[in-house]
Each structure stands twice: as C-alpha cells, then as structure tokens.
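The following exercises concern the arrangement of two protein chains and selected residues within them. Please study the sequence and the structure before reading the solutions.

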2 protein chains.
Amino acid sequence: MAIDNAYYTQENHGPYEVYDIGALELEEGGRLDRCRLAVATFGTLNANKDNAILVPTWYSGTSKIIEQVYIGKGRALDPDKYFVIVCNQIGSGLSSSPHNSADPANFPRVRIGDDVRAQHRLVTEKLGLSSLALVVGGSMGAQQTYEWAVRYPEMVQRAAPIAGTAKNTEHDFIFTETLNESLTTDPAWNGGNYKASADVAAGLKRQAKLWTVMGWSTQFFKEGRHRALGFADIREFVDTFMTGYFAPMDANDLLCMAWKWQRGDVSRHTGGDLRAALARIRAKTFVMPISHDMFFPPADCQVEWRLIPNAEFRPIQSIDGHLALFGADPAALQQIDQHLGELLARPV
Amino acid sequence: MAIDNAYYTQENHGPYEVYDIGALELEEGGRLDRCRLAVATFGTLNANKDNAILVPTWYSGTSKIIEQVYIGKGRALDPDKYFVIVCNQIGSGLSSSPHNSADPANFPRVRIGDDVRAQHRLVTEKLGLSSLALVVGGSMGAQQTYEWAVRYPEMVQRAAPIAGTAKNTEHDFIFTETLNESLTTDPAWNGGNYKASADVAAGLKRQAKLWTVMGWSTQFFKEGRHRALGFADIREFVDTFMTGYFAPMDANDLLCMAWKWQRGDVSRHTGGDLRAALARIRAKTFVMPISHDMFFPPADCQVEWRLIPNAEFRPIQSIDGHLALFGADPAALQQIDQHLGELLARPV
C-alpha cells in the first residue's frame with residue numbers, strides 16, 4: 001500500500017506529464033511492471049527535431065527546481081530556442097518510486113543505468129527523438145548525463161555534467177551511507193514499513209543536518225551566506241531552511257535514489273575500465289564541478305575530464321559548494337549559463 | 001556508579017601520573033570536587049625552569065598518541081632539551097571524566113576555559129612553573145593553546161595551535177552536533193545511563209563513519225592513502241581502522257569533550273570581541289592549519305592569524321586532512337617538526 005505523502009503532487013511540482021513507458025527490467029534483476037516517468041517540458045520541438053535538451057534530476061530534487069532555477073527566456077536553457085525535457089528520476093517521488101508503489105518497503109533496487117534506459121525509451125518511443133542536442137544535469141543528474149554519453153554515444157551531441165562524477169568515489173559512497181543511516185536508524189523508519197512519510201521526521205531532520213555540513217562549504221558559513229539568505233544563525237538555517245526542505249520528503253524514496261547515487265559508475269559498461277568507458281563518449285563535453293563542493297570536488301572531476309575525448313574543464317566558482325545547484329548564488333548561475341551557452345553554440 | 005571500560009588504563013595509555021588539583025569551580029556553574037588530571041611528562045625541568053612545554057590533548061586522543069607521534073630525541077619536542085608535559089583534557093577518559101565519575105550521566109558541563117584553569121593550577125602549583133616555553137596542541141589541543149595564550153599571556157612564551165581555531169565556527173559546531181547525535185540516537189546510550197561503554201557500540205560505529213567522511217579528505221581516498229595504509233578498500237578502512245579506533249571509547253566522555261569543542265571561544269574574555277581577545281596574546285605564535293582539513297580549514301584559521309600580534313601563518317600540506325594529526329603522513333610530521341623547531345629557536 002502506498003505511503004501517505006502530500007508533497008509529491010502536481011500542485012507542488014507541476015505541471016508535469018506522467019508517461020507509462022511499460023515494463024522495465026532492472027539491472028539488479030528486479031522489474032518495474034509499469035514504469036512511470038514524470039516529465040516536464042518547455043518550448044517546442046523544431047521540424048528537424050534537433051533542438052531537444054534532456055535534463056535528468058538530482059537527489060531530492062524534482063523538475064520544479066530545474067524549471068525555476070535554470071530554464072527561462074534569455075537563459076542558456078531557453079524555451080524559445082530549445083525543447084527542454086526535464087525527466088524526474090525513478091525514486092524522485094513523482095516518477096515510479098517506493099512511496100507510490102504497492103509495496104514501498106520492497107521496491108526493487110534501481111541503478112543509474114535503469115533510469116537512463118527508461119529515459120531513452122521515453123525520448124525515442126514517446127517523443128520520437130533520435131538525437132539530443134544536450135544532456136545536462138547536476139549531481140545525480142551529472143551521473144545520468146555521463147551514463148547517457150557512454151551508453152548512447154551516437155545520440156548525445158553535447159554533455160554537461162555539473163557537480164557530479166562518472167564513477168562515484170569511495171569517499172562519496174561512505175558520505176551517502178551516513179545520509180542513509182540518518183533515516184534507517186530512526187525507529188519510525190521500521191525497515192521501510194511506515195504509514196506516512198512524516199513518521200520519519202526525526203531521521204529527515206538528521207539528514208538535513210548532515211547536508212548542512214557537507215552540502216554547502218565552510219566558507220559559505222564563514223562569510224555569512226546563510227545570514228545573507230535571511231537566517232539569523234546556523235541553527236535557524238538548519239531548523240528552518242534545511243529541515244524544512246527535507247521534512248516533506250519520503251525516506252524510502254530518498255533511500256532508493258541514494259542507492260543509485262552510491263553506485264553510479266559508467267565503467268560497468270567496460271568491465272571496470274573507466275578509461276575505456278569514457279573513451280566511448282562522442283558528445284562535446286564540458287565537465288563542470290563546483291569549486292567548493294565537499295563531496296564531488298573539482299579534483300575528482302578533473303581526473304575524469306582527462307579521460308574524455310575533446311572535453312573541456314569548466315569549473316564553477318562558488319562558496320555555496322555542492323548546493324550552489326540550488327541557485328542561491330547568482331554568480332554561479334551566470335557561470336553555468338555562460339558555459340552552457342558556449343557549449344550549445346559549438347558545432348557538432 | 002562508574003561505567004565499565006577497560007580502555008582508559010595505564011596499560012593502554014601509560015605511564016602517566018594522576019594529579020588531584022582539588023575542587024574546580026566550572027564556568028557553567030557546576031563543580032568538580034576533586035579534579036584529577038592525568039599527566040605524562042618527558043625530559044627534565046632545567047635549573048632556570050624555562051624549558052617546559054605543555055601539550056593539551058585533542059578529542060578522543062590521550063597523551064599516548066602525543067608521545068608516540070610527536071615526542072622523541074631529535075624531534076622538535078625533544079626530551080633531551082625540554083620538559084614536555086602532556087596533559088589529558090577533562091573528559092579524555094584518563095583525567096576526570098564522566099565514565100570514571102560517580103554519576104556519569106550527570107557529569108557537569110565543562111568548558112575549554114575550565115581545562116586551561118585546571119592546567120594552570122597543575123603547572124604552577126604542582127610543577128612549580130611560572131612560564132611555559134611553548135604551548136602546542138592539535139584540534140581541541142589548539143583550542144586550549146589559544147585559551148592559554150589569551151588567558152595567561154604573561155606565562156606563554158610561544159604558542160602553536162595546529163588544526164584548530166580560537167573561536168569555533170558555526171559550521172564546525174553543527175558538524176560536531178552530527179557526531180554527538182551518532183551517539184545520542186543509539187537507544188543503548190539511554191540518556192547516558194548505560195552500564196558498559198561497549199553497550200553504545202552501534203553509535204560509536206556511526207561516529208567512526210562520520211569521522212571517515214570529514215576527518216581525512218576526499219583527496220586522501222582518491223589517491224588511495226587508505227590502501228597504502230594496508231586496508232583493502234574504504235569499507236575495511238571504516239570497519240577495521242576507524243571503528244576499531246572508536247569502539248573502546250566511552251560515549252559520555254566523547255560527549256563531554258564535544259560540548260567543550262563546540263563552544264571553544266577566546267572572545268568570551270572580551271565580551272565577544274575576537275579581535276580584542278587575540279590582541280592580548282604575547283606569545284610568539286605560529287598558526288598551523290592543515291591544508292586539506294575539512295572542518296578547521298586554513299581559511300578559517302587565516303582570519304584569526306591576522307588578528308594575532310606578530311604571528312606567523314604556517315600551514316601544513318597534507319591530504320590526510322585533519323587526521324594528519326594521527327601521524328600517518330611522515331611529510332606532515334616533518335613540516336610540523338620544522339615549524340616547531342623554528343618557533344622554539346625564536347628568542348622571546
């Protein structure tokens with residue numbers, strides 16, 4: 001029986017359309033009988049069908065924040081020029097997810113590759129596309145972007161992984177494990193068997209605190225960015241903003257996404273050889289880490305950049321760290337727009 | 001009734017002497033009736049009594065690791081030249097601490113300032129000193145070093161705070177809160193009422209994991225330093241090394257130290273004016289952050305350095321991050337020795 005949750009709705013995150021892409025066999029051996037993808041689109045597909053941009057979502061995020069922060073007239077992702085498809089990942093709460101499934105505690109394990117195969121089916125079969133002008137995403141969106149570029153190299157013309165890696169690091173795996181444990185050690189989580197998402201409030205609050213520590217940067221707090229955003233001190237920032245952000249979410253959904261995040265790795269295609277996997281990429285690629293990111297740091301992204309043919313390293317300077325993705329630093333958004341604009345202007 | 005613990009013993013951490021410095025009134029209003037300080041000394045006090053070095057301990061550490069990693073013939077802290085006094089902080093498990101007190105769950109709140117007043121009584125009344133050639137410590141040892149230099153400026157001739165701050169940051173406060181919650185959310189902790197330290201094994205293991213994420217650095221794992229240290233992968237590193245390190249410790253003792261750590265702040269002497277507090281320092285001071293420290297980052301230490309008269313900024317380069325303090329990176333130790341040697345050679 002699905003879990004009560006009032007957050008993952010058209011009212012809060014729409015408008016979006018839900019596509020049933022049919023049964024999806026999963027890489028870990030399970031199966032989603034009817035895989036549903038919640039998709040928000042902006043702009044119009046042109047006659048040549050060569051102006052489509054795909055944006056997969058990040059952990060805890062939905063298409064709504066992509067719409068609000070990244071898409072707009074005069075922006076790089078301009079709906080007057082492009083047909084922008086924002087696809088909510090499996091487990092996001094809008095697409096097929098534990099909380100909206102018949103048996104939330106036993107939702108099958110999903111991998112980044114499953115998401116990308118599902119999205120491929122969406123854009124080819126449902127939307128009739130045979131190429132994507134750009135795939136761009138942040139964090140887990142970057143993981144999906146890399147997976148797209150390696151798995152379907154002939155289809156992805158440009159790729160912009162922002163603040164994410166092609167192969168997750170050991171450090172990041174353990175960081176994510178601490179996020180997971182914030183939920184699974186809450187007695188109310190109860191092995192995934194709870195009635196309403198809000199039952200796991202204590203665990204979600206602890207997760208919000210861990211994100212406060214690692215999601216921004218020490219410099220962010222040192223320079224008082226949290227106060228500049230309107231919070232009296234870090235306590236209010238944690239209790240109001242960060243806890244407020246996570247409180248309405250569903251623990252099982254977050255755990256589903258985190259499991260994928262931990263195991264994102266394009267070298268699964270090449271028997272563990274990351275160099276060989278990244279060599280498959282045909283897309284013109286801008287690798288875009290964020291300078292103060294504490295868990296997808298530029299150094300980790302730089303190592304991968306060197307393995308991608310013809311790629312450019314385009315770091316974003318922001319003391320907002322990983323969560324510069326949230327868009328609170330206008331200068332970071334300006335840099336991202338600048339890079340994406342240049343990337344989109346490149347002939348392919 | 002004291003809590004069972006086989007770790008905090010002379011066998012594991014000795015030899016050390018325990019000094020009873022009498023009743024200590026605490027800044028938060030409580031009182032330790034008989035404050036005991038466990039102290040290990042190395043070398044001999046000279047006739048002029050001007051070769052004494054004080055080393056306060058860090059969170060979770062005792063005098064033993066200071067002895068093993070920092071003290072030795074030919075090192076900066078050379079017992080042939082100096083009388084080195086390593087004083088275990090209150091809550092360390094060797095000095096007065098919750099677990100060895102009559103009522104562990106209700107041990108009073110202690111501040112860095114209480115430790116430093118206790119140490120002052122030790123070195124003046126018990127050891128007969130009127131000046132210290134150097135106070136040096138890492139992490140919470142740095143917090144105590146700053147407190148010494150501000151509280152007793154006439155007594156501290158040189159100061160070397162390593163990987164720590166004079167005023168704890170908001171970010172660090174919340175990071176430490178996540179460490180505390182790893183223990184307090186373990187049902188076995190039970191508000192501090194448990195019989196044996198080992199009862200809180202699950203919480204201690206979670207704390208070990210949080211330290212794995214923040215204690216070293218992303219670069220440490222990226223470059224495979226954990227494998228170079230003999231562990232197959234990060235899982236073995238967490239389960240064997242980091243968990244093995246924390247498993248024998250006492251949760252209430254760690255929480256006692258963490259409470260101090262969170263509130264370390266020399267500006268308590270000057271009504272919150274950090275500039276005025278640091279201006280009191282007479283010691284020749286080397287501010288020594290570690291390059292890849294994720295929670296006492298160089299940038300935070302640099303801001304304080306600028307406020308200390310005649311101080312020098314001497315960062316240590318090490319991808320071991322904060323836990324370079326553990327001494328696994330010989331190059332970091334060499335740098336620390338180099339700086340301390342130069343500092344000790346400075347006339348005062």
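Predicted model: local features only at pLDDT ≥ 70, side-chain atom pairs only at ≥ 80, totals over all residues.

Residues are numbered from 1 along each chain as its sequence is written, chains are lettered from A and ligands numbered from 1 in the order in which they are written, and side-chain values use heavy atoms, with hydrogens and water left out.

**Exercise 1. Symmetry**

Determine which rotation and shift superpose chain B on chain A.

Solution. Step 1: Two copies of a chain are related by a rotation about an axis and a shift along it. Step 2: Chain B is superposed on chain A by a rotation of 180 degrees with a shift of 0.0 Å along the axis, and the RMSD is 0.0 Å. The superposition is by least squares on the C-alpha atoms of residues with pLDDT of at least 70 in both copies. Step 3: That is the relation of a two-fold axis. Step 4: The same surface serves both copies, since 100% of the contact residues of chain B recur in chain A; contact means heavy atoms within 4.5 Å.

**Exercise 2. The interface**

Describe the interface between chain B and chain A by its residues, area and salt bridges.

Solution. Step 1: In chain B, 33 residues are in contact with 33 residues of chain A. Step 2: About 2,900 Å² is buried between the two chains, and carbon and sulfur atoms give 63% of this area. Buried area is the accessible area (1.4 Å probe) that two parts lose on being put together, summed over both. Step 3: There are eight salt bridges between chain B and chain A, a salt bridge being a side-chain nitrogen of Lys or Arg within 4 Å of a carboxyl oxygen of Asp or Glu. Arg227(B) and Glu170(A) form a salt bridge in which the closest N and O atoms are 2.7 Å apart. Step 4: Among the elements that give two or more residues to the side of chain B that touches chain A are helix H5 (170-184) and helix H12 (298-305) of chain B. H5(B) gives the most to this side, with eight residues. Helices (H or I, at least four residues) and strands (E, at least two) are DSSP runs, numbered from the N terminus.

**Exercise 3. A residue in a strand**

Is Cys87(A) buried or exposed?

Solution. Step 1: Cys87(A) belongs to strand S6 (residues 83-87) of chain A. Step 2: The relative accessible area of Cys87(A) is 0%, so this residue is buried. Step 3: Apart from neighbours within four places in sequence, the contacts of Cys87(A) include Leu37(A), Val55(A) and Leu122(A).

Definitions and conventions
Buried < 20%, exposed > 50% of the residue type's maximum accessible area, 1.4 Å probe, protein only.
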